[in-house]
Amino acid sequence: MSLRLSTVILPVDRWHEGGREKWSRAEELGFHTAYTYDHLSWRTFRDGPWFGALPTLTAAATATERLRLGTLVTSPNFRHPVTLAKDLMSLDDISGGRITLGIGAGGNGFDATALGQEAWTPKERADRFGEFVPLLDRLLTEDSVTARGTFYSAEEARNIPGCVQRPRLPFAVAATGPRGLRLAARYGQAWVTTGDPKIFEEGTPEQSVEALRGQIEKLGKACAETGRDVSELDKILLTGFTPDRGRPLESLDAFVDFAGTHRALGFTEIVIHWPIADSDFAADQAVFEKIATEALAQLG
């Protein structure tokens, strides 16, 4: 099974002070896709520079020619399907059809209350996500949409001429629970996971592999229930949140071992964080670039 290697570039640099260079370099290194987080702020980066995902991706689209671009992930925490669809259609046009939307239900971090609302419960997040994704799908595939939902509505919302990618840009749906997996099976062109958060702190890499195996099995069942072949979905692993933490980026051999193990589970794309000094994503830039340019050839 072939494997793609992608990166995620956190939006922490001013565009003219290192930001543009990272995205251009990602294309030079041959990454399949360069993603960014779609948050208003995030964890330990909250008190430092943090720029908007969609403007950043727009700039990246003009600074690159072949590299696919996307979010990992967008959520309903501060997005509405109508305005998001318009921005995505425009971004897909500017990039010449190189955009993937990573999308998830969101969490209880800073984004959850930044607009002044109370943080939603897990059930409320799932309820909203279950309405958000189908409406966004319609908005990106139909010229005019009118819909009345519990959480999201549209009144003759127009998206002409539509996406460059047809019938719309691909969705990479982040999910581990049954409702999210059903959405991935129904609407996703890809499925995204970061592993099992319950074993991140004290679990072992071996336990993580078994947890991921179980997630893929559940995805397969969700696809079967919708009459879809699970092989139609790309399976994306965003690294850095399993018990391995940053160890796969310590050397080329370490990454090849990690990637081979997860390719055997059925993953088709592995995403590694662009190094950021003095953070959870600190790594040697030279090793990172060696992985980018040599790892896939070693995997065969």
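## Exercises on cavities, pockets and a helix pair

A search of the whole structure, which is a predicted model, finds 1 cavity of 30 Å³ or more.

**Exercise 1.** Describe the largest cavity by giving its volume, the residues closest to its centre, the elements that give two or more residues to its lining, and the classes of its lining residues.

*Solution.* Begin with the space itself, which amounts to about 150 Å³ in the largest cavity. Next, turn to the 16 residues that line this cavity, of which Thr-239, Gly-240, Arg-245, Gly-246 and Leu-249 are the closest to its centre. Two elements each give two or more residues to this lining, namely helix H7 (252-265) and strand S10 (269-273).

**Exercise 2.** Which element gives the most to the lining of the largest pocket, and how do the lining residues divide by class?

*Solution.* The largest pocket has a volume of about 1,500 Å³, and 45 residues line it, with Gly-106, Gly-107, Ala-174, Thr-194 and Pro-197 lying nearest its centre. The elements that give two or more residues to this lining are strand S3 (68-74), helix H4 (122-141), helix H5 (178-187), strand S8 (190-193) and helix H6 (205-225). Among the elements, H4 gives the most, with 5 residues. By class, the lining of the largest pocket has 19 nonpolar, 18 polar and 8 charged residues.

**Exercise 3.** Characterise the second largest pocket by its volume and its lining.

*Solution.* The second largest pocket holds about 170 Å³ of space. Its lining is made of 14 residues, and those nearest the centre are Pro-11, Asp-13, Trp-15, Phe-51 and Thr-56. Helix H1 (15-28) and helix H2 are the elements that give two or more residues to this lining. Divided by class, the lining of the second largest pocket has 9 nonpolar, 3 polar and 2 charged residues.

**Exercise 4.** Are H2 and H3 roughly parallel or roughly antiparallel, and is their crossing left-handed or right-handed?

*Solution.* Two packed helices are described by the angle between their axes and the distance between the axes. The axes of helix H2 (residues 53-63) and helix H3 (residues 81-95) come within 9 Å and cross at roughly 15°. Because of this angle, H2 is roughly parallel to H3, given that angles under 35 degrees count as roughly parallel. The crossing of the two helices is left-handed. From H2, the contact is made by Leu-54, Leu-57, Thr-58, Ala-61 and Thr-62, and from H3 by Leu-84, Asp-87, Leu-88, Leu-91, Ile-94 and Ser-95. Sorted by class, this contact has 7 nonpolar, 3 polar and 1 charged residues.

Conventions
Residues are numbered from 1 along each chain as its sequence is written. This is a predicted model: local features need pLDDT of at least 70, side-chain atom pairs count only at pLDDT 80 or more; totals for chains, interfaces and linings use all residues. Side-chain values use heavy atoms; hydrogens and water are left out. Axes are lines fitted to C-alpha atoms, for helices over the stretch in contact, and angles run from 0 to 180 degrees between N-to-C directions. Helices (H or I, at least four residues) and strands (E, at least two) are DSSP runs, numbered from the N terminus. Angles under 35 degrees count as roughly parallel, over 145 as roughly antiparallel, 65 to 115 as roughly perpendicular and the rest as oblique. A crossing is left-handed if the near helix is turned anticlockwise from the far one by less than a right angle, and right-handed if clockwise. Contact means heavy atoms within 4.5 Å. Ala, Val, Leu, Ile, Met, Phe, Trp, Tyr, Cys and Pro count as nonpolar, Asp, Glu, Lys and Arg as charged, and the others, Gly among them, as polar. On a 1 Å grid over the protein atoms alone, a cavity is a set of points where a 1.4 Å probe fits but cannot get out, and a pocket is an open set with protein on both sides within 12 Å along at least five of seven lines; lining residues have an atom within 4 Å of a point. Grid points are joined across faces, edges and corners, and a volume is the space filled by probe spheres set on the points.
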